Amino acid sequence: AAVKEEEVPEAVPAKPTQSVAGHTYYPVSGKGSETEEVAPLDTADASAASAAEASAAAGSGGGVSGFFSFLSKGVCRTAAARVLLVLRFGLSLAFHVFNTSFNVGLKERFNFTPKLHATYYGFAGLVYSISQALLAKPLIKKAKINPQYLIATCIIGLACGRTITALAPSIYVMFAGTATVITFLGVLNTAISATVSQIAGSDQVGGFIGTIEGVESFSGIIGPTIGGLVAKTGTMGPLATVCTMYAGLTTLVLMTFKTSVMSQIESLAKDAAKEDEAQAKKEMEAEVEAEAEAEVITTG
């Protein structure tokens with residue numbers, strides 16, 4: 001009797017299933033049977049999925065502490081760097097708090113037109129360039145040993161200029177107040193930039209400058225909001241808030257600049273001098289050895 005061949009069922013193509021991490025998985029091969037066991041497309045996908053899930057879990061608990069973790073790295077760990085970070089943050093925040101209401105008030109007080117706005121900002125840019133080109137360098141050179149008084153004077157000058165600008169009875173007085181602010185600001189920014197380059201090593205200056213820019217950007221996010229809230233308290237609210245901030249920053253500079261910033265600059269200068277001395281000593285020893293070897297060859 002002829003043996004009847006057993007019919008073999010056609011293999012059912014494996015249907016891909018999607019994992020949570022976004023990687024495609026396929027059922028383990030078999031005779032079309034359904035199974036809950038799945039195998040990764042390759043080992044790399046499996047590793048990537050695990051890493052993605054782990055990073056997501058870590059990210060959910062990182063929060064604000066993770067965002068500010070840069071303060072515990074590199075030069076940012078020093079007191080000098082943190083004083084400069086607070087100083088730059090405070091100055092930038094004061095600018096945004098004041099300008100939020102000031103720009104709106106220009107039209108109400110002096111009927112500012114777009115043409116006047118262009119003239120105003122062009123005037124400010126011109127004064128800033130003159131301040132940095134003609135005043136900043138000689139003043140910083142004169143106050144190089146202890147620049148804290150120069151920086152404190154500039155902050156007080158900002159407060160005086162802001163007051164003149166906010167209370168100006170005419171557009172000409174307002175321009176004079178703006179010139180005062182911009183002149184002191186040009187000297188102040190140059191002095192702070194010169195200090196930043198001295199408190200960090202050459203391999204950390206770039207990162208520290210980036211951190212300062214990040215802090216200033218953060219002040220630009222919260223500053224207008226604070227300025228808007230303060231403006232609701234009255235026309236003098238923004239000016240009073242900004243002058244209070246300037247007073248706090250002046251106190252910070254006078255009390256901590258010498259003990260933190262200047263001490264670190266002196267420490268780094270001493271370390272650099274020691275490294276130069278050690279390098280010079282090594283070069284001298286190498287020259288002596290080379291001369292000794294040359295003499296041995298000549299006598300030999």
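**The whole chain**

Begin with the entire chain in view, bearing in mind that this is a predicted model. Its secondary structure comes to seven helices and three strands, and from the N terminus on the elements run β-β-β-α-α-α-α-α-α-α. The chain has 300 residues, of which 29% count as buried, and it exposes about 18,900 Å², with carbon and sulfur atoms supplying 63% of that area. Among the contacts with a separation of 6 or more, 74% are between residues 24 or more positions apart.

**Helix α2 and its phenylalanines**

Select residues 79–110, which make up helix α2, and show the side chains of Phe 98 and Phe 102, which lie four residues apart in this helix, about one turn. Both of these phenylalanines are buried. How are the rings of Phe 98 and Phe 102 placed relative to each other? Their centres are 5.3 Å apart and their planes meet at 25°, and because planes under 30 degrees apart count as stacked, this pair is a stacked one.

Now turn to Phe 123 and Phe 175, an aromatic pair that is tilted, with 5.2 Å from centre to centre and 55° between the planes. This pair links distant parts of the chain, since Phe 123 belongs to helix α3 (residues 114–142) and Phe 175 to helix α5 (residues 171–199), 52 residues apart. The two partners can be coloured by accessibility: Phe 123 is partly exposed, with a relative accessible area of 26%, whereas Phe 175, at 17%, counts as buried.

To see these rings in their setting, select Phe 98, Phe 102, Phe 112, Tyr 120, Tyr 121, Phe 123 and Phe 175 together, because these residues form one aromatic cluster. A search of the whole structure finds seven aromatic pairs.

**The loop between α2 and α3**

Next, select Asn 111, which is found in the loop between α2 and α3. This residue is exposed, with a relative accessible area of 56%. Its phi is near 50°, a positive value in a residue other than glycine. For comparison, most residues other than glycine have a negative phi.

Is Leu 134 buried or exposed? Its relative accessible area is 59%, so with the limit for exposed set at over 50% this leucine is exposed.

The bridge links distant parts of the chain, with Arg 88 in helix α2 and Glu 216 in helix α6, 128 residues apart. A search of the whole structure finds one salt bridge. At 15% relative accessibility, Arg 88 counts as buried, because the limit for that class is under 20%.

**Side chains that reach backbone oxygens**

Start with Thr 211 in helix α6 (residues 205–231), where the side chain reaches the backbone oxygen of Gly 207 at 3.0 Å. Thr 211 counts as buried, at 14% relative accessibility.

Move on to Ser 193 in helix α5, and find the polar atom of its side chain that lies 2.9 Å from the backbone oxygen of Asn 189. With Leu 84 also selected, draw a C-alpha to C-alpha distance to Ser 193: the two residues are 109 residues apart in sequence and 9.7 Å apart in space.

Finish at Ser 260, in helix α7 (residues 237–299). Which backbone oxygen lies 2.5 Å from a polar atom of the side chain of Ser 260? The oxygen belongs to Thr 256. Ser 260 is buried, with a relative accessible area of 10%, and, leaving aside residues up to four places away in sequence, Ser 260 touches Ala 79, Ala 80 and Val 83.

Technical notes:
Residues are numbered from 1 along each chain as its sequence is written. This is a predicted model: local features need pLDDT of at least 70, side-chain atom pairs count only at pLDDT 80 or more; totals for chains, interfaces and linings use all residues. Side-chain values use heavy atoms; hydrogens and water are left out. Helices (H or I, at least four residues) and strands (E, at least two) are DSSP runs, numbered from the N terminus. Buried means under 20% relative accessible area, exposed over 50%, partly exposed in between (1.4 Å probe, protein chains only). A polar contact is a pair of N or O atoms within 3.5 Å; within protein, one must be able to donate a hydrogen and the other to accept it, and residues adjacent in sequence count only if both atoms are side-chain atoms. Contact means heavy atoms within 4.5 Å. Rings of Phe, Tyr and Trp (its six-membered ring) pair if their centres lie within 6.5 Å; planes under 30 degrees apart count as stacked, over 60 as edge-to-face and the rest as tilted. Accessible areas come from the Shrake-Rupley method with a 1.4 Å probe; for residues, only the protein chains shown count as cover. A salt bridge is a side-chain nitrogen of Lys or Arg within 4 Å of a carboxyl oxygen of Asp or Glu.
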